[in-house]
Amino acid sequence: ALALSGGGRGVVEEVLCGLEDFVGHLSAEAGGPFGMRLRHRFPAATLEAEVGGILGDLGDVTDAGRASAIAADGLQKRIGGPLREIVWERASLAASMAGLVVDVSRAEASLQETE
């Protein structure tokens, strides 16, 4: 929609609202320092600037397929990639913590068996 709109204000506003909601949802789900980091990295002004940059990348491209590819690549590079990095760090930490909990539970069970 962003590529086909040619920067039409209604579509751009819809895209920005969707991105802001998405970042807000991820921030709430991540919580703690990761949530704060997401909100800090992607405030509304940054999202607006990144979407503006994508529209600038589209320039005068008239081929719809090419415009869609440019917009999709821009969203991935400017927003998707950095978001994934933060979410991946959070997921890695959660997985490590889960592994520690399992190890502690096994150790406790082993100690109870020997008592």
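**Exercise 1.** In this predicted model, work out how exposed Glu13 is and find its salt-bridge partner.

*Solution.* 
Step 1: Start with accessibility. Glu13 has a relative accessible area of 33% and is partly exposed.
Step 2: Look for the partner. The side chain of Glu13 meets that of Arg9 in a salt bridge, with 2.5 Å from N to O.
Step 3: Check the partner's surroundings. Arg9 is partly exposed too, at a relative accessible area of 48%.
Step 4: Glu13 and Arg9 sit 4 residues apart in helix α2 (residues 9-30), so about one helical turn separates them.

**Exercise 2.** Now turn to Glu89: which residue forms a salt bridge with it, and which helices does the pair link?

*Solution.* 
Step 1: The partner is Arg37, and the closest N and O atoms are 2.5 Å apart.

**Exercise 3.** Decide whether Glu50 is buried or exposed, then trace its salt-bridge network.

*Solution.* 
Step 1: Glu50 meets Arg78 in a salt bridge of 3.0 Å, N to O.
Step 2: This pair also links distant parts of the chain, 28 residues apart: Glu50 lies in helix α4 (residues 44-58) and Arg78 in helix α5.
Step 3: The relative accessibility of Glu50 is 18%, so Glu50 counts as buried, the cut-off being under 20%.
Step 4: Follow the shared partners. Glu50, Asp57 and Arg78 are joined into one network.

Methods: Residues are numbered from 1 along each chain as its sequence is written. This is a predicted model: local features need pLDDT of at least 70, side-chain atom pairs count only at pLDDT 80 or more; totals for chains, interfaces and linings use all residues. Side-chain values use heavy atoms; hydrogens and water are left out. A salt bridge is a side-chain nitrogen of Lys or Arg within 4 Å of a carboxyl oxygen of Asp or Glu. Helices (H or I, at least four residues) and strands (E, at least two) are DSSP runs, numbered from the N terminus. Buried means under 20% relative accessible area, exposed over 50%, partly exposed in between (1.4 Å probe, protein chains only).
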